[in-house]
Amino acid sequence: MRNAALWFDRRFGLEEHTIAHYAWVIVAIAGVVQMVGAAIRMAFGVLVDPLVAAFGWTPGSIGLAYALMSIVTALASPMSGYLGNRFGARRTMIAGTVLFFIGMMWTSQTQQIWELYVAYGIVFGISQALLLVPVVPAVAAWFRRHLGLGTGIMMVSWSLGPALVIQVLAVLFENVGWSQAFVIVGVVGTGTLLVILLFFKNTPEDAGKVAYGTLETDNPLITSGNVFISTHKEFQGFVYKTNAFWNLINIHFLGCVGHAVILVGIIPLGISKGLSPLTAAGVLTTISIVSVATRFGAPVLAERMSPKRVMFVSFFGQGVGVFLLLTANTTLDFYIFAVIWAIPYGGEGTAFPVLIRKYFGHTPMGTTYGWQLLGAGLGMALGGVIPGMVFDITGTYIWAIILSAVFSLAGSVAILLLENTRRQLIPNWPEMESKPVGSEIPSVTTGSAEPGI
Amino acid sequence: MKSAVPHQVIETTTPNLDGFEITRRPLIGFGLLISSVIGTLAVLIFFGAWASSDRIENRALAAGISEIQGESEWWEDGLVFACPLH
């Protein structure tokens, strides 16, 4: 039995890992931050009917708040990434938490439609960027190796958070009304974020530890101080001159349009084909649940194989998979689609941090990742508009499905034009030339040498 | 797990970047991004013009007049003008 366990450990590389490392605490905190930060965005759908009932506003005018929030989040993302690099992810996320509280309280007391636009669209939009952008680069800083594993575990919360919060909000709306529900979620969410951020450390050095996967032979990285700031500016200047930087924004945009069309349009499409609202919602839930597997698996595979290959397969699968909807007429058809399409969809967006690490080494990736989320946010906003717009014009969703495929497949072509990931595009993020005299890294974590990609 | 690495601002140079430069411009990456922006605008203009011409046509039918005689919004005219297919 013991031999079998040892074989299993060796076969899957588990002997390289340990759970006794603070990096996993950071991953858990990041998961909760992502859950809280993204959940209210995803749960917007349950807010529409109560607001229509309470104030008589049209669904279209209420939906404008969602579109505004998506665009504000997108536009604030590059600045948020920069702030994360400059002042640290923790301070940036605390600022985001304060805005989260203000946005939730103000939304709960909304009496006029413009208040909804300011509170939900602008305040909450900025809050989301401050919470969601710096957290991914901060997790990356905690992994010298095995970033794919850390990212994969964190990204699972993208699926679980909304699924959980939608249910909680639905129960609260039913029992205490929409206004009190926002107060409760705002207070509990803010309290949770403030408590867990007490334990958040921006870098391993801040916590007096070494990054996960650091070997005894690794030179330490420059992660703080004046040299860090000046060198980062110089490094970022080089990043802007690479094709990959601009193309990754483009790829994120195309991929997000591709899946936003489906995520927003699948319920009305299902209902238009005769599915009950509950059954149609079940299709969306199925997509969320099945995509958990590839949200976790894609970054792990990307690190072991090639991020370009994994991303190409995901984008291509996402694009081709939507054609199943053209012939979907029964409940079974829709659920088969949900299971098949969720696999590439889950892997579409989660390998980006690994790809950035391959191209730009151990540089703080906040600004670069923030720019990519600008593309993603604009893509989500556009993709959310397309199904309704196309249906209003044509009376069917066929064009929306075709457009979704076109955007995803264009993204897969753009991935093919990315640079090879075998070499970094810019010399590695400055390491100290050698270990400073008298220093040592006594408790080197587990980890093997990084495989060539 | 405590690291004994001293505060790292003692380093004043960044040797790995010294002398490094990128002379080529990111034409492929930037070009792909701009292509997507243009393609997206084209899609939006096409569907926007489609919707606009439908609205103009429906109003004209309801009023029993020709499309040219009917009044239209500025954005409807703009989208129909911008789209070569409408």
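**Chatting through chain A**

Reader: Hi! What share of chain A is buried?
Author: Hello! In this predicted model, 53% of the 453 residues in chain A are buried.

Reader: Nice. How many helices and strands does chain A have?
Author: Chain A has 16 helices and zero strands.

Reader: And what pLDDT does chain A average?
Author: The average is 86, and 89% of the residues score at least 70.

Reader: Where does pLDDT stay under 50?
Author: That happens over residues 437-453 of chain A, where the model has 40 contacts beyond four places in sequence. Where pLDDT is low, the predicted coordinates should not be read in detail.

Reader: Good to know. Changing topic: how is chain A divided into domains?
Author: Domain 1 covers 7-208 and domain 2 covers 235-420. Their C-alpha centres lie 20 Å apart, and 31 residues of domain 1 are in contact with 30 residues of domain 2.

Reader: Which element gives the most to the domain 1 side?
Author: H4(A) does, with 13 residues. Helix H7 (135-141) and helix H8 (147-197) of chain A also give two or more residues each.

Reader: Last one, helix H16 of chain A. What span should its 19 residues have?
Author: At 1.5 Å a residue, residues 398-416 should span 27 Å, and the end C-alpha atoms are 28 Å apart, which agrees.

Reader: And what covers the buried residues of H16(A)?
Author: The cover includes helices H10, H12 and H15 of chain A, together with helix H1 (27-63) of chain B. Among the buried residues are Leu403(A), Phe407(A) and Ile415(A).

Note on methods: Residues numbered from 1 in each chain as written. Chains lettered and ligands numbered in written order. Predicted model: local features only at pLDDT ≥ 70, side-chain atom pairs only at ≥ 80, totals over all residues. Helix = DSSP H or I, 4+ residues; strand = E, 2+ residues; numbered from the N terminus. Expected span 1.5 Å × (residues − 1). Buried ≥ 20, exposed ≤ 12 C-beta atoms within 10 Å, placed from the backbone. Contact = placed C-beta atoms within 7 Å. pLDDT = per-residue confidence, 0-100. Domains from an automatic or database assignment.
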